[in-house]
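Please keep the sequence and the structure in view while reading.

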Amino acid sequence: MKQLHKQTSHQIPTHAAKPAKPPSRSAASASAPTSFLRAAAWYLLREQRLVFVIAGAVIASTFFLLHPYHSSFPLLHTSDRFLHEGFLPGVRHPSFSSPSSSGGSVAVGAGFVGSHLVDKLLARGDNVIVIDNFFTGRKENVVHHFGNPSFELIRHDVVEPILLEVDEIYHLACPASPNCFKFLTFEYKTNVMGTLNMLGLAKRIGARFLLTSTSEVYGDPLEHPQKETYWGHVNPIGVRSCYDEGKRTAETLTMDYHRGAEVEVRIARIFNTYGPRMCLDDGRVVSNFVAQALRKEPMTVYGDGKQTRSFQFVSDLVDGLIALMQSEHIGPFNLGNPGEFTMLELAEIVKEVVRSFCNHRIQAQYCR
Ligand SMILES: O=c1ccn([C@@H]2O[C@H](COP(=O)(O)OP(=O)(O)O[C@H]3OC[C@@H](O)[C@H](O)[C@H]3O)[C@@H](O)[C@H]2O)c(=O)[nH]1
């Protein structure tokens, strides 16, 4: 049919039936552009061709206006690019229209430290997206922000890719409780796959990336105190090695993305921290001792109790994380309290604090 129409339209020009009058040379050259324009206009106006041309142009420009993202990344490259960087194409977060929007941040994790960080970032006027798979993080930790238009909570496991548009990524995903170390593959996967996905995201959107690492990267240290330049003394096959080695790998990946892809990175090596929203069944020494003192049970001091630790309050840690993110310091940075004491001393301190706490009648519900 298409072929037929095409032939027909060429064969029936309206003036073709008129008797031919040989034109003068000058008249022929003067009328040539006019007859070409008339022929073009005639061609376009036949069979609504002009309408189709205009409709096509409108549809094409609408598509490219609505999908500038696709237009700047040719399909040819997307599959490789997304596979390599760990992204799902097309998952655009509606809240942040541009990566450079002021005050846009993402905090990964609604756990103990993450939830305090969220409080602080929101209080200073940032927009915050929290991603958590709620394995150890809890909705209750951030429930007081529900209804705040600057806050969003997404149930998502960072071992799967995600695409968001933010300025800063605080990567806190990974259970730190000693009770979680039995979920070995989970721990390791979060530190490796989760960190890769978050670094890929930072590279893609040009965000600054902060990894929360741990003092555990020093292992059983042979140097005291541990400086950031110390490479550590880690057992690669111990029961808690999945955590220590997982964080060491996460640090390696972070520095690789900095050197190889120029991602702006920060690494916080967090020392022992305590404060509200720690789980009582966390397994860490402070929460164990507090729970035991409240229940008037004997305290489980491991070994001879002469091993030392330093403890920082969670709000001090959060201030440190934000200051580190804002600083120009690339590479690991220890965040902790320089004052150390033994676990025997800690047991006495906790016993004393809990005793005076329970002396207040109002707190009796927590005490036995
Ligand atoms: O009930 C307990 C628990 C722990 N301990 C001792 O207390 C010390 C501290 O143990 P914790 O498990 O609380 O803390 P750790 O120093 O081993 O690691 C901790 O600090 C750094 C963080 O990054 C880790 O996530 C966290 O587990 C250890 O010597 C441990 O043996 C007890 O004596 N009794």
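Which residues come nearest to the ligand? The model examined here is a predicted one. Around the ligand there are 16 residues, and of these Ala176, Thr214, Arg284, Val285 and Asn288 come nearest. Sorted by class, the shell around the ligand comprises seven nonpolar, six polar and three charged residues.

Because both domain 1 and domain 2 give residues to the shell around the ligand, the ligand lies between them. The two domains also touch one another directly: eight residues of domain 1 are in contact with eight residues of domain 2. On the side of domain 1 that touches domain 2, three residues are nonpolar, five are polar and none is charged.

Attention may now turn to a pair of helices. Helix H9 spans residues 285-294 and helix H11 spans residues 343-358; their axes come within 9 Å and cross at roughly 45°. This angle is why H9 counts as oblique to H11. The crossing in which H9 passes H11 is right-handed. From H9, the residues Val285, Phe289, Val290, Ala293 and Leu294 take part in the contact, and they meet Met343, Leu346, Ala347, Val350, Lys351 and Val354 of H11. By class, the residues of this contact between H9 and H11 comprise ten nonpolar, no polar and one charged.

Val285 links the two parts of this account: it is among the residues that come nearest to the ligand, and in H9 Val285 is also one of the residues that meet H11.

Notes. Residues are numbered from 1 along each chain as its sequence is written. This is a predicted model: local features need pLDDT of at least 70, side-chain atom pairs count only at pLDDT 80 or more; totals for chains, interfaces and linings use all residues. Two residues are in contact if their C-beta atoms, placed from the backbone, lie within 7 Å. Ala, Val, Leu, Ile, Met, Phe, Trp, Tyr, Cys and Pro count as nonpolar, Asp, Glu, Lys and Arg as charged, and the others, Gly among them, as polar. A residue is near a molecule or strand if its C-beta atom, placed from the backbone, lies within 6 Å of it. Domain bounds come from an automatic or database domain assignment. Axes are lines fitted to C-alpha atoms, for helices over the stretch in contact, and angles run from 0 to 180 degrees between N-to-C directions. Helices (H or I, at least four residues) and strands (E, at least two) are DSSP runs, numbered from the N terminus. Angles under 35 degrees count as roughly parallel, over 145 as roughly antiparallel, 65 to 115 as roughly perpendicular and the rest as oblique. A crossing is left-handed if the near helix is turned anticlockwise from the far one by less than a right angle, and right-handed if clockwise.
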